[in-house]
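Student: I would like to learn how to read a model of this kind, feature by feature. Could we go through it together?

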Amino acid sequence: MQAIVYNNPWEISIQEKEEPSIILPDEVIVEVRATGICGTDLSIISGEYMARPQVIIGHESAGVIVDKGAAVDNCQIGDRVIIDPTYYCGYCDNCRKGLRNHCLLKSSTEAGVSIDGTFTRYFKTTQRFIYPLADAIPYEQGAMSEPLSCVLTAVKKLQVTPFMRTAILGGGPIGLLFYLALKQYGIREGVIYEASGQRMQLIEKNDVLTDRWTMSPSFVPQKNQYDLIIDTTASLLEKSIQAIADGGKISLMGLRNNLQTINPREIADRSISIIGSIDSQDTFRHAVDLINSGQLELQKIITNEYDLHHFDAAVKDLGCDLTTRQRSNNISSLKSVIRIS
Ligand SMILES: [Zn+2]
Ligand SMILES: [Zn+2]
């Protein structure tokens with residue numbers, strides 16, 4: 001089967017890989033139909049996020065069950081399913097503390113990072129990690145369960161209330177999923193700050209924002225401006241602290257290396273909470289149910305689809321140019337998805 005393989009930073013190729021087969025009784029094989037391109041994939045390509053050389057990348061997927069082990073009892077061959085790609089063992093100290101998103105085996109079990117992922121035709125997992133995809137929901141929307149689940153985990157930790165004055169920094173897929181998740185929790189008003197003019201145009205053209213949510217191109221912090229700031233850019237903590245109100249909460253979810261200076265005295269004196277979150281913990285089912293309900297209108301956010309052979313063009317449209325080996329804000333898509341088979 002053909003697969004998108006990571007070799008070294010900026011070296012990605014389409015390669016022939018062996019198809020997986022069932023060995024253990026609880027295993028299933030999913031024929032992947034759609035895999036979303038995630039910020040993590042771009043960071044792997046640009047060398048900012050470590051991945052194992054020769055690994056098949058990709059992890060946000062939905063597809064069809066094509067084979068299963070003798071003990072699998074939660075699906076049938078032919079079922080449409082969503083894959084939860086975040087393996088946890090259930091036995092290590094972190095898993096037993098409820099921190100399954102920090103499973104101690106993660107560094108050697110992460111699909112699309114340290115083990116083969118889903119930018120390919122077949123993916124093997126176990127019945128624990130598949131969920132049904134409703135008949136009416138397209139595969140590319142099912143593939144958004146993983147990023148949505150990560151966002152729901154972050155929102156759960158934030159314990160939001162409906163009248164928080166809210167800003168989301170970054171109008172990419174994660175920022176927009178935060179917008180959808182916060183609306184579920186009753187936040188009907190807020191601002192999304194997005195530096196890319198092309199992205200702003202797409203958000204406007206597709207009527208993504210409803211209620212009293214608006215957009216702005218530049219975040220100029222003012223004192224006591226927001227009760228809740230979601231920084232998806234991972235580079236605006238100093239500005240966020242300037243804008244957060246007393247007792248406010250700042251959420252950090254992006255993975256980009258940079259240093260920011262903050263004054264611990266101010267954090268204490270103004271009762272500011274800075275809350276980090278990574279991957280998903282006990283929210284995957286919630287994400288699947290929301291997506292299967294069809295109410296999120298994800299078709300407004302999934303703007304670009306490609307096949308496996310146009311992966312270079314797909315990442316280029318996300319500002320990640322494999323020829324010049326540069327990342328830029330020249331982004332002409334909201335969420336991009338690779339359609340397979
Ligand atoms: Zn992802
Ligand atoms: Zn574990």
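**Reading strands, a metal site and single residues**

Tutor: Let us begin with one pair of residues: the bridge partner of Tyr6 in β4 is Val55. Please keep in mind throughout that this is a predicted model.

Student: In which sense do strand β1 and β4 pair, and over how many bridges?

Tutor: Two strands are taken to pair if at least two bridges are found between them. Here strand β1, residues 2–8, pairs with β4 in the antiparallel sense over two bridges.

Student: What is the strand order in the open sheet of three strands, and which are its edge strands?

Tutor: The order is β2-β1-β4, and the pairing is antiparallel. The edge strands are β2 (11–16) and β4 (55–56), each of which pairs on one side only.

Student: Let us turn to the metal. Which residues are the protein donors of the zinc ion (ligand 1)?

Tutor: They are Cys38 through SG, His59 through NE2, and Glu60 and Glu146 each through OE, at 2.1 to 2.8 Å from the zinc ion. In sequence these donor residues follow the spacing C-x20-H-E-x85-E. Because Glu60 belongs to strand β5 (residues 60–68) and Glu146 to helix α4 (residues 145–158), the pair ties together parts that are 86 residues apart in sequence. Both Glu60 and Glu146 are buried.

Student: Why is the arrangement around the zinc ion (ligand 1) called irregular?

Tutor: The general idea is to compare angles with an ideal, which is 109.5 degrees for four tetrahedral donors. The four donor atoms around this zinc ion subtend angles of 85 to 164°, and the arrangement is therefore irregular.

Student: Which backbone angle deserves a look at Trp10 and at Arg325?

Tutor: Look at phi: Trp10 has a positive phi of about 70° although Trp10 is not a glycine, and Arg325, also not a glycine, has a positive phi of about 55°. Trp10 sits in the loop between β1 and β2 and is buried, with a relative accessible area of 13%. Arg325 lies in the loop between β16 (320–321) and β17 (326–327) and is partly exposed, at 42% relative accessible area.

Note on methods:
Residues numbered from 1 in each chain as written. Chains lettered and ligands numbered in written order. Predicted model: local features only at pLDDT ≥ 70, side-chain atom pairs only at ≥ 80, totals over all residues. Heavy atoms only, no water. Donors = N, O, S within 2.8 Å, 3.2 Å for Na, K, Ca; no water. Tetrahedral: all angles 85-135°; square planar, octahedral: opposite > 155°, others 65-115°. Helix = DSSP H or I, 4+ residues; strand = E, 2+ residues; numbered from the N terminus. Buried < 20%, exposed > 50% of the residue type's maximum accessible area, 1.4 Å probe, protein only.
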